[in-house]
Amino acid sequence: MKAIILFGHGARDIRWREPFDRLASLWREQHAGVAVELAFLEMMQPSLEEAVTSLSGLGATHITVVPVFFGQGGHLRNDFPVLLSACQEKFPQITLSTTPAVGEDLAVLQAIIDFGARAL
């Protein structure tokens, strides 16, 4: 079974999470056959390990982690690989893969340009 984790930084202000919750809801509406979990690097729950645990309990065997970051900063270059490796060691029966940061995708960048153009 395939699943996806939308991975964000996390923040102290709980309102920061609202767009992530909307993303997960949109995913569920549009891809009901593929389980989704949110996960956060720090300050919010669930952690990456907790999200993998949850999806494992649902029977996931292939999990793609999508970093919902604008770019590949220090957290994605340094912290994230350590967390992903630890999850792979803890869950050897699950294939974990990752994508680049969403902000590096041309379609995402174009959506931001289109958003700005609509604001004019």
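The largest nonpolar core of this predicted model has 22 residues. Ile-5, Phe-7, Leu-48, Val-52, Ile-63 and Val-65 have the most contacts inside it. A nonpolar core here is a set of buried Ala, Val, Leu, Ile, Met, Phe, Trp, Tyr and Cys residues joined through side-chain atoms within 4.5 Å; buried means under 20% relative accessible area with a 1.4 Å probe, protein chains only. At least two residues of this core come from each of β1, β2, α2, β3 and α3. Another core, of nine residues, lies apart from it and includes Ile-4, Leu-38, Met-44 and Val-66.

Local features need pLDDT of at least 70 and side-chain atom pairs pLDDT 80 or more, while totals for chains, interfaces and linings use all residues. Numbering starts from 1 along each chain as its sequence is written, and side-chain values use heavy atoms, without hydrogens or water.

Four strands form an open sheet in the order β2-β1-β3-β4, with parallel pairing. β2 (35-40) and β4 (95-98) are the edge strands; each has a single partner, so one side of each lacks a neighbour in the sheet. Strands are DSSP E runs of at least two residues, helices H or I runs of at least four, numbered from the N terminus. Pairing takes at least two DSSP bridges. β1 (residues 2-8) and β3 (residues 62-67) pair over six bridges. Leu-6 stands opposite Val-66 in β3.

Axes are lines fitted to C-alpha atoms, for helices over the stretch in contact; angles run from 0 to 180 degrees between N-to-C directions.

| Helix | Strands touched | Direction angle |
|---|---|---|
| α2 (residues 48-57) | β1, β2, β3 and β4 | about 165° with β2 |
| α3 (residues 74-90) | β1, β3 and β4 | about 165° with β4 |

Definitions and conventions:
Contact means heavy atoms within 4.5 Å. Buried means under 20% relative accessible area, exposed over 50%, partly exposed in between (1.4 Å probe, protein chains only).
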